[in-house]
Amino acid sequence: MARFVDNFWEVEFNSTVGFDIIMKRLHDGREACKEYEKFLKERAKAEELYAQTLIRLTKKLTFKEEIDGTLRRSIDEVIAQTETIGNSHNNMHQRLLEEAKKVEEFRETQREVRKREEELVKKMQSQKKDSYSRVINSKKNYESKCKEADQAEESAFRARQSPNAKEIEKLTNKKDKTRSYAEIADDQYKAAVDALEVTRKDWEKQMATFCVVRLL
């Protein structure tokens, strides 16, 4: 069964496309909440105005004592029903405001949590990118040191046929130094690769958590 978290990984190592897609969805979700909150408030205002209008209508009617009997009872019933409907819409007005408040609180709470999770992912993205750059630079340095060591070794080998002992010693020392530098560069390259793998796993874990949370 496909999982939500499985949809946001990219082939390119430093790509942020998956993260950007989630951020767009979160932005759209926040905007939807704002629009819904606005709708509830406007609906509440409409309910309040309608309720006030109905209740005011019930206060306008005054009858002389001579109006009695069936007509008076019918009129009283209509007035009572109008007042009841007005009160009902006033109650709806209050419930809508309460619902709008809940949406607002939900949106604000989620905003704080989302902000925290977003910053953690961005921090890991930055660390991963830096680690990747160190690997690339370490690789270039390693290849360069290996090339220098190979060249120095070749020069030292050719110098064996030279009668100049000092030149042989000089080239031999250079060969040993460049080979030592190449070994150091190799260790640095391996360390950079290991560090990148640790950072990659940490980033992947944080990104997976961010995907699962799916905050608004």
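Predicted model: local features only at pLDDT ≥ 70, side-chain atom pairs only at ≥ 80, totals over all residues.
User: Which helix holds Gln 127?
Analyst: Gln 127 has its place in helix α2.

User: What separates the C-alpha atoms of Gln 127 and Arg 160?
Analyst: A distance of 49 Å separates these two C-alpha atoms. Along the chain, Gln 127 and Arg 160 are 33 residues apart.

User: And Gln 125, where does that one lie?
Analyst: Gln 125 lies in helix α2 as well, a helix that covers residues 69-159.

User: Is Gln 125 buried or exposed?
Analyst: Gln 125 is buried: its relative accessibility is 15%, and buried means under 20%.

User: Which residues is it in contact with, leaving aside neighbours within four places in sequence?
Analyst: Gln 125 is in contact with Thr 16, Phe 19 and Trp 203.

User: Let us step back. How many helices and strands does the protein have?
Analyst: The protein has 3 helices and 0 strands. Following the sequence from one end to the other, one reads the pattern α-α-α.

User: Why is the protein said to be more spread out than a compact globule?
Analyst: The reason is its radius of gyration, which is 39 Å. For 216 residues the globule rule gives 17 Å, and the value for this protein is well over that, so the protein is more spread out than a compact globule.

User: What box do the C-alpha atoms fill?
Analyst: Taken along the principal axes, the box is roughly 145 × 35 × 15 Å.

User: How much of the protein counts as buried?
Analyst: Of its 216 residues, 27% count as buried. The protein exposes about 15,300 Å², and carbon and sulfur atoms supply 51% of that area.

User: What about contacts between residues at least 6 apart in sequence?
Analyst: Among those contacts, 85% join residues that are at least 24 apart.

User: Where does Glu 10 lie?
Analyst: Glu 10 lies in the segment before α1, the helix of residues 17-60. Leaving aside neighbours within four places in sequence, Glu 10 is in contact with Ser 15, Val 17 and Gly 18. With a relative accessible area of 40%, Glu 10 is partly exposed.

User: New topic: how many disulfides are there?
Analyst: The count comes to 0 disulfides. A disulfide is a covalent bond between the sulfur atoms of two cysteines.

User: Are Cys 33 and Cys 146 buried or exposed?
Analyst: Cys 33 is buried, with a relative accessible area of 12%. Cys 146 also counts as buried, at 16% relative accessibility.

User: Last one: how far apart are the mean positions of the positive and negative charges?
Analyst: The mean positions of the 45 positive and 42 negative charges are 3 Å apart.

Key. Residues numbered from 1 in each chain as written. Heavy atoms only, no water. Disulfide = S-S within 2.5 Å. Buried < 20%, exposed > 50% of the residue type's maximum accessible area, 1.4 Å probe, protein only. Helix = DSSP H or I, 4+ residues; strand = E, 2+ residues; numbered from the N terminus. Rg over C-alpha atoms; globule rule 2.2 N^0.38 Å. Contact = heavy atoms within 4.5 Å. Areas by Shrake-Rupley, 256 points an atom, 1.4 Å probe, with all protein chains shown as cover. Lys, Arg positive; Asp, Glu negative; His and termini not counted. Charge placed at Lys NZ, Arg CZ, Asp CG, Glu CD.
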